[in-house]
Amino acid sequence: LIDKVYARVREANERSAGGRLKQSFINTFVSLDEVKKGIPEYADALMKELTHSKTKKTVKSVLNEQLERYFEETFEEENTSRIDAIVERTGAEDIEGARTKLDQDIAARRIMIRNEGVLLALLPIILFSWSAFHRQALNPGRYSLLILSLLILLIAGVTTPMIDMEAKISRMGFMLLGHPIQFENQVLYYQSKSILDVFWILITDKDLMMKFVGVLLVTFSIIFPLLKLASLPAYYFDYRGARKNPVIGFFAVKSGKWSMADVMVLAIFMAYIGFNGVITSQFRQLSAASQGLELLTTNGTSLQPGYYLFLTFILLGMIFSKVLAGGTHEPIRLEEFGSGPPTTEAP
């Protein structure tokens, strides 16, 4: 600081004749090294003055004035019409009340979705189990019902979210100038995706390779299963010798090996494990490094009903293909699956 002051004085004195005379006087009678020797004393005197109670009060007063002026000059108008509409729709008095009611509504809907997903997965399982233990041959009515249940499972599986990825700071607090500062519900990352959502993201990406992956995804995980379900009735009823048709036979019996739907289920499960581990690890490091900071984090990564519905469709579809692969022109009994060579009944 002394060097800077000395340089500035010298620069100012060079601009006039009187200044140059003054500078020559300074150079003759003022020793900069002698001035610097007193720096520790200057620092002690300065700190003593700064730590004086009257000085502290003055500094706080100046800081408060500057902060108030800054807040007056720095402002932003925010359109709260959507927030007001949400508060009015929920019937709450303020934002906090609306947030509480929305959280309760979301929790109730999640329970409802979970229960309906379990029911939607159990009904086809019960139907397949009942057909497997039935003593009579699989009649066309029950066969059509089984295919319909598989179709419903497929549609629900690809349109319902399979995985939720959420990283949120539930509460963060610290002290600033003796005042507590606190933030709540700070969402760092959130994604809830179904197979169709992932396909749309990939197909709309600018990268050609991403588009190619999206086409492969929808081809082997959606189009192949749909063609399989469309081929099953023709194969079962042997419409115009459909069982001898290589295309019908491939999609009805062998396409399960090529659809890669099971690979999709495994990939989603591994993604769930990976995201869950990464988010947990990063939050642990963030909490450890936050000294003097109160931090409460939330990892909301979870598998959703769409995953289990799609998994149920794959398992039941594989059983159905195995049954058809061992059949003849006559209706096949599902109880013959896994019990040796299939038998037929006389017309």
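What share of the 347 residues of the protein chain counts as buried? I looked it up: 28% of the residues count as buried, where buried means under 20% relative accessible area, exposed over 50% and partly exposed in between, with a 1.4 Å probe and protein chains only.

I note that this is a predicted model, in which local features need pLDDT of at least 70, side-chain atom pairs count only at pLDDT 80 or more, and totals for chains, interfaces and linings use all residues. Residues are numbered from 1 along each chain as its sequence is written, and side-chain values use heavy atoms, with hydrogens and water left out.

**Overall.** I find 13 helices and four strands in the protein chain. These are DSSP runs numbered from the N terminus: helices are H or I with at least four residues, strands E with at least two. Among contacts with a separation of 6 or more, 64% join residues 24 or more positions apart; contact means heavy atoms within 4.5 Å. The accessible surface is about 23,900 Å², and carbon and sulfur atoms hold 63% of that surface. The areas come from the Shrake-Rupley method with a 1.4 Å probe; for residues, only the protein chains shown count as cover.

**Asn13.** I looked here next. Asn13 lies in helix H1 (residues 2–13). Asn13 is buried, because its relative accessible area is 7%. Leaving out residues up to four places away in sequence, Asn13 touches Gly19, Arg20, Lys22, Gln23 and Ile26.

**Aromatic pairs.** I describe a pair of rings by the distance of the centres and the angle of the planes. The structure holds three aromatic pairs. One of them is Phe25 and Phe29, a tilted pair at 4.6 Å centre to centre and 40° between the planes. Rings of Phe, Tyr and Trp (its six-membered ring) pair if their centres lie within 6.5 Å; planes under 30 degrees apart are stacked, over 60 edge-to-face, the rest tilted. Phe25 and Phe29 are about one helical turn apart, because four residues separate their positions in helix H2 (residues 17–29). Both are exposed. Tyr307 and Tyr308 have centres 5.4 Å apart and planes at 85°, so that pair is edge-to-face. Tyr307 is buried at 7% relative accessibility, whereas Tyr308 is partly exposed at 44%.

**Surface patch.** Which residues make the nonpolar surface patch of about 530 Å²? I list Val118, Leu119, Leu122, Leu123, Ile125 and Ile126. Leu123 sits in helix H7 (residues 95–132). Leu123 is partly exposed, at 48% relative accessibility. Patch residues have over 30% relative accessible area and no salt bridge; like charges are joined within 9 Å, nonpolar side chains (Val, Leu, Ile, Met, Phe, Trp, Tyr) within 5 Å. A salt bridge is a side-chain nitrogen of Lys or Arg within 4 Å of a carboxyl oxygen of Asp or Glu.
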